[in-house]
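User: Could you walk me through reading the sheets and helices of this model? I would like the general idea, then the case at hand.

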Amino acid sequence: MDKLKMMTANRADENFKKLAALFPNAVTETIDEATGEVVRAIDKDMLMQEISTKVVEGREERYQFTWPDKRKSVLLANAPINKTLRPCREESVDFDTTENLYIEGDNLEVLKLLQETYLGKIKMIYIDPPYNTGNDFVYNDDFAESVDEYLEDSGQFDEDGNRLVQNTESNGRFHTDWLNMLYPRLKLAKDLLTDDGIIIISIDDNELRNMRVLCDDVFGEANFVATIVWQKIHSIKNDAKYLSENHEYAVVYSKSINQIHINLLPRTNEMNDRYKNPDGDPRGPWQSGDLVASGERSNGHFIIRSPKTGKEFDVPAGKHWVYSKENLEKLVVDGQIWFGSDGNSFPRKKRFLSDVQDGRTPSTLWLAEEVGHNQSATREVKALFDDEKLFDFPKPVEYIKQMIRIAANSDSIVLDFFSGSSTTAHAVMQLNAEDGGHRKFIMVQLPEETDEKSEAYKAGYKNICEIGKERIRRAGAKIKEEAGLTAHGLDIGFRVLKCDSSNMKDVYYNPADYEASLFSSLEDNIKEDRTPEDLLFQVMLDLGVLLSSKIEESAIAGKRVFKVEGNYLIACFDEAVTDEVITEIAKQKPYYFVMRDSSMASDSVATNFEQIFAAYSPETVRKVL
């Protein structure tokens, strides 16, 4: 049996393997000058021969986007971590049946934990990160700082030490800290997207330029899709210092521009009302369009006649008919050319509503009257929380719904790793209720403490996660009530998972660091406060099993057994597992079976283990903790 690694992958190692697979002849070994040890290496000269392009080195001029500590941000994105996600049933809704997730924790750590399981599975990502206005907090990823230093910076901290510092304009690293915060998160997010996936990022004028160049660096300049301009304020701000800033932006990037499909938006009643039927055409309502275009053509001038009056028409000088004489005459006979109600008007082509595509192409200008504005968003949240203002600057549900409409499919997974008040989750549930979709959401949010003077704190919400989870509960119940009979199958639940240290003791990862005499006291390599369900979710992360997978619990010979997605994964973490338990599990032929290394009831059980599986399910992949 193989031992599970129970930690995230080292992305630098993964990148090396990819490069080695492409160019195996460029892989070599050399002496590390610092340690004197033989280490793996890439032969740059051989690699240059393979790719046949210029390599820019040293101070040689080049086009690039850089800032202080960018290299550290790359290393931070690639570095592995020993963390896990622990389930919290008591804060969840429909834990056993829902496919939605709410994850509490630093989003950099959570994104690393999701790499194995959700690699290439997220169709749409939406984030609304800190805007860097000089008052916002940014994530501080220097975990080496002491808690006292964190407290001195901001007063924002959690059980792992503070994760937020205020990025004031007087800070000499004003842009640098913001870029270092976002860069590793975007790099990790990119790998989670499907090949046709799309990421949409809300931003304002302060960092729009840097956001564009940052995304060019991470996703590739060719994968830029558009910049949406959203009318966030409906009325003019007369107290503005210079101009009333009534808009914000949302930059849209793809994983691969050649593979994306932007969905059409529903047509509006106003658009359809433009189509009339003054002549009672049996093909239905229509509107007319030009039959002429600018420019002379040798065959672009000819006479056509009104069938009602016989009046003749030709194009004026400098114009031409857009159809040939033969085709235009066919259209006249077919009743597709309109000469006016009296038959004497210049001809125009009928364009029928029945021939129009089912939707409308999205534009880059999103007006408040269609998708809402800041005030309407605030009212939406207050309406759910008994008219209390618990959250500043939420986004309107309709605004996020519009994004989901154009970027996601009806069964997509939608991720928001700066989820705040959970507007994205609200929008996913609302849209599913409206069109019968089965979209799933993953919300990720740091449990940032609320200010003691705020309405949220006074109402009992000690951190943002408590607000976000309660909003999903209330919004889900409201949506289901309003949907009535059509709510059958609507998923308004969510599994709460909390980012925490690994379930495994340090000895699990570094047994060589412990003296042999200590192993008797460290026989159990699992932390004492961890439950079997905690272990199950870390195993699911390690094996790449979706965290929303259906989990069934049963008993075999008195031992607690978990079945995930049918028989895909079966796990038993109880002590003193007997031959009877192993045999019954093997007979179910799981793809994976996982147990604790110390769980065998006796040496004979350990001896028989492989023989039992060889007899009943030799294909099962067996793993131990």
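Analyst: Happy to. Two strands pair if DSSP finds at least two bridges between them; helices (H or I, at least four residues) and strands (E, at least two) are DSSP runs, numbered from the N terminus. This is a predicted model, where local features need pLDDT of at least 70 and side-chain atom pairs count only at pLDDT 80 or more, while totals for chains, interfaces and linings use all residues. Residues are numbered from 1 along each chain as its sequence is written, and side-chain values use heavy atoms, with hydrogens and water left out.

User: What is the strand order in the open sheet of three strands?

Analyst: In general, strands of a sheet pair through backbone hydrogen bonds, either parallel or antiparallel. Here the order is β13-β19-β18, with antiparallel pairing. β13 (286-289) and β18 (337-338) are the edge strands, each pairing on one side only. Four bridges connect β13 to β19 (residues 348-352), and G289 stands opposite K349 in β19.

User: Which strands stand at the edges of the sheet of ten strands?

Analyst: That open sheet has mixed pairing and runs β4-β24-β5-β23-β22-β6-β9-β11-β10-β21. β4 (83-87) and β21 (365-366) each have a single partner strand, so one side of each is left without a neighbour in the sheet. β21 runs parallel to β10 (residues 224-231), joined by two bridges, and V229 stands opposite L365 in β21.

User: How do I read helix packing, and which strands does α4 touch?

Analyst: Contact means heavy atoms within 4.5 Å. Axes are lines fitted to C-alpha atoms, for helices over the stretch in contact, and angles run from 0 to 180 degrees between N-to-C directions. α4 packs on the sheet, touching β4, β5 (101-104), β6 (122-127), β22 (413-416), β23 (440-445) and β24 (495-501), and its direction makes about 85 degrees with that of β4. Helix α15 (residues 464-483) lies across β5, β23 and β24, at about 170 degrees to β5. α4 (residues 107-118) also packs with α17 (residues 532-543) at about 65 degrees, with axes 6 Å apart. There, L113, E116 and T117 of α4 meet M540, L541 and D542 of α17.

User: Is N263 buried or exposed?

Analyst: Buried means under 20% relative accessible area, exposed over 50%, partly exposed in between (1.4 Å probe, protein chains only). N263 counts as buried because its relative accessibility is 14%. N263 lies in the loop between β11 (247-254) and β12 (265-266), and its side chain reaches the backbone oxygen of R405 at 2.9 Å.

Conventions:
Polar contact = N/O pair within 3.5 Å; in protein donor to acceptor, adjacent residues only side chain to side chain.
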